[in-house]
Amino acid sequence: MNVRRITFLFILFSLSSYIFSQNVVNWKFSLQDKGNGEIELVADATIQEGWHLYDTDIPKNTANPTTLSFDKITGAEPVGKFHAAQKAHVSFDPVFKAEIGTFERTARFIQRLKVTDKAKFVLEGDVRAQACDDKTCTPPLPNDFAFKSSDLPATLTVVASAAKDAETEEIAPTETVQPIASEQTDNATTVVTTPSNTPINKNVLWTPVIEELKEFGMKGSVAGKSLFWILISGFIGGLIALVTPCVWPLIPMTVSFFLKRNKTEKKKAISEAIIYGFSIIVIYVTLGLLITAIFGASALNDLSTSAVFNLIFCGLLILFAISFFGAFDLVLPASWTNKMDEKADKTSGLLSIFFMAFTLALVSFSCTGPIIGTLLVETATSGSFLAPAIGMFGFALALAIPFALFAIFPSWLQSMPKSGGWLNSVKVVLGFLELALALKFLSVADLAYGWRILDREVFLVLWIVIFALLGLYLLGKLKLPHDSDLKHVSVTRLFLSIISFAFALYMVPGLWGAPLKSISAFSPPIFTQDFNLYDGSVHAKFDDYESAMAYAKQNNKPVMIDFSGYGCVNCRKMEASVWTDARVKSILENDYVLVTLMVDDKSRLPEIIEVDENDRTTKLKTIGDKWSYLQRYKFGANAQPYYIALDTDGKPIAPSYAYDEDVEKYIQFLETGLQNFKK
């Protein structure tokens, strides 16, 4: 397969999810004069055959309704609700077990507005709609619109009373909330919130308590630990890359080249090999820094829960897996390698060695590319500016060490295992692991947007199948292209197959609700599982801050805020390894009012909230935006998991707590809060 075809497949897999979600429904927006100073925002949808859209008003906890959100509205005000212009086809949906209205082929949705000032008129926002066929659904991605005064119908006439009402300047719509009483049942708490007239940054419950936390000894940074593990992950990735068919054979060839190049000066040969290894490190670290410089740490962090980009990452990992399975090789254009070879031949000294290292990076791309890609995805979405560079440093260090060591001790070259079929087996094993990891990215997007297509039991079934097939492959019962004939099973393959089969069997009880602590960081949370016989997990009764505070005040109990995220690996670890402890579970459920706030919840707020942050206006569009702002503004923290104990007035009663799986420390943290609350 030539380079052009590979490039085409690469782009196709990367962008298929985005193109798919955009082309199923085409939107066209317009403004129509309805007389009396009123206009209608008209959203016309053209739907592909076999697909349907949902109505604006459908039963809760079913599909995603078609919704309208205004980002900015000036010189006008909404009149009535956003609704469909025609009657929907209502039928019983067996999946959601409810009567739901849908539209096929075409649909028109309208929102009436009263224009108060033609000169200042600005209308910006988006319509979100979920399209489904009989097999799948698209995510409710935004379809943006923007109109200004010149876009108004020429026939529009603003009535005098409306013009008078518009003497004061209008601003972008905001939304604020305050708690009201909640109703508690035997099994759960039903929470209701209503709008208030108090902006959130002036609400007492939102008052910053950063100074109070400092008095307790503010905690919560896990950056150091995260960067350390990123370094270790990169190093492990480099070790894996070493034993691939593209890199392993190059070690003796390259070291021998340096030794022959300086036959009479062994010290110089060794020093050049060490410089060669250092050049490898410089090349890969530069790549990591470029990734952050181009996108920025904050933008990369936002990508970690973006549905489109998580789907792209999922597609890339599947592509890498198919490549490792032997369907094709991901190779860079041969002209790049040839140019690097020419540079190495024409130059001399240190520059020549650097170009030789660059040639190695290009030649080995078909094996190292998938590993680097996976590593960059994981590190880039960690939110740390240095993470990609540190990950690449660990990766390059593992690659560089063998070249330096074998140059210093050339006699070791004779004891190196020879190239052979075992190298291709390493690639295939990596392919299975890439396939399993792809499901993790799909799960993040699924959780953030509430699609519920990859619930926990579905995820576990797929992982069980993947690792069972890996076990069969290691035993030689499954053969893929480029595999050599397996005359006997080596001891190494036997033990690896036992581990793979054992891991697959370990996950089987999870289908009935077992916590499976060792994979809790990868699998969807247990609350997504439909059939669950396990009752040892902890579930927050509240997912709204103000409602939890209102309930706590009524019942005179302290509040425990759990700042979490659907894509937060360490959050799942804490829930599986700490919250399942009987003592922790008892305290959280009986002594505290527990509220979990998902900072990556992509559900849209009814209206945009505008807040002042660092001398600039920040727009909060989603529920996750709101809770992330609460954590930054009130507590001065931005990492998850983040636990904070409050009294009924929103004041801290203990130091904050971040990721630490020490159960005794967590219990001490909880008891400190209870003791201070009683005082």
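Helices and strands are DSSP runs, numbered from the N terminus. The model shown in these views is predicted.

**View A. Asn556 in the loop between helix H16 and strand E16.** Helix H16 covers 545-555 and strand E16 covers 559-564, with Asn556 in the loop between them. The phi of Asn556 is near 50°, a positive value in a residue other than glycine. Asn556 is exposed, as its relative accessible area is 54%.

**View B. Asn36 in the loop between strands E1 and E2.** Asn36 has a relative accessible area of 65% and is exposed.

**View C. The salt bridge between Asp71 and Arg604.** The closest N and O atoms of the pair are 3.7 Å apart. Asp71 is buried at 10% relative accessibility, and Arg604 is buried at 18%.

**View D. The salt bridge between Asp660 and Lys665.** In this pair the closest N and O atoms are 3.6 Å apart. Asp660 is partly exposed, with a relative accessible area of 23%; Lys665 is partly exposed at 44%.

**View E. Helix H19 and the residue just after it.** The 13 residues of helix H19 (residues 623-635) should span 18 Å at 1.5 Å a residue, and the end C-alpha atoms are 18 Å apart, which agrees. Buried residues of H19 include Trp627, Tyr629, Leu630 and Phe635. Just after the helix, Gly636 takes a positive phi of about 65°.

Methods. Residues numbered from 1 in each chain as written. Predicted model: local features only at pLDDT ≥ 70, side-chain atom pairs only at ≥ 80, totals over all residues. Heavy atoms only, no water. Helix = DSSP H or I, 4+ residues; strand = E, 2+ residues; numbered from the N terminus. Expected span 1.5 Å × (residues − 1). Buried < 20%, exposed > 50% of the residue type's maximum accessible area, 1.4 Å probe, protein only. Salt bridge = Lys/Arg side-chain N within 4 Å of Asp/Glu carboxyl O.
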